[in-house]
Amino acid sequence: MFGRLTVPQLLFASVLGIAGGIYIYQPILEQYFRDQKELRENMKSAPDSKEKKS
C-alpha cells in the first residue's frame with residue numbers, strides 16, 4: 001500500500017519529523033514571543049509617559 005514502509009515506520013518517521021521541526025524552530029519562536037511581549041509592555045507604558053508630559 002505505502003511501498004516498502006510499514007505503518008509503524010511511517011508513524012515513527014512522522015513523529016521524528018515533527019519533533020525535529022519543533023527542536024529547530026524553538027529558538028526562533030521563543031524570540032518572536034519575547035519580542036511580542038516587549039512590544040505589548042511598551043505599548044502599555046507609552047500612554048502613561050505621554051500623560052505625564054502634558
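The protein chain exposes about 5,400 Å². Carbon and sulfur atoms supply 65% of that area. The model is predicted.

How much of the chain is buried? Buried residues make up 0% of the 54 residues. The secondary structure comes to 1 helix and 0 strands. Helix H1 covers residues 7–53, and Leu29 lies in it.

**A nonpolar patch**

Part of the surface forms a nonpolar patch of about 860 Å².

| Residue | Relative accessible area | Class |
|---|---|---|
| Leu29 | 44% | partly exposed |
| Tyr32 | 46% | partly exposed |
| Phe33 | 53% | exposed |

Phe33 counts as exposed because its 53% is over the 50% cut-off. Tyr32 has 46%, so it falls in the class between 20% and 50%, partly exposed. Leu29, at 44%, is partly exposed too.

**An aromatic pair**

How many aromatic pairs does a search of the whole structure find? The search finds 1. Tyr32 and Phe33 form the pair, with ring centres 5.5 Å apart. Their planes meet at 65°. Why is the pair edge-to-face? The angle of 65° is over the 60 degrees needed, so the pair gets that label.

Terms used:
Residues numbered from 1 in each chain as written. Predicted model: local features only at pLDDT ≥ 70, side-chain atom pairs only at ≥ 80, totals over all residues. Heavy atoms only, no water. Patch = residues over 30% accessible without salt bridge, like charges linked within 9 Å, V, L, I, M, F, W, Y side chains within 5 Å. Areas by Shrake-Rupley, 256 points an atom, 1.4 Å probe, with all protein chains shown as cover. Salt bridge = Lys/Arg side-chain N within 4 Å of Asp/Glu carboxyl O. Helix = DSSP H or I, 4+ residues; strand = E, 2+ residues; numbered from the N terminus. Buried < 20%, exposed > 50% of the residue type's maximum accessible area, 1.4 Å probe, protein only. Phe/Tyr/Trp six-rings, centres within 6.5 Å; stacked < 30°, edge-to-face > 60°.
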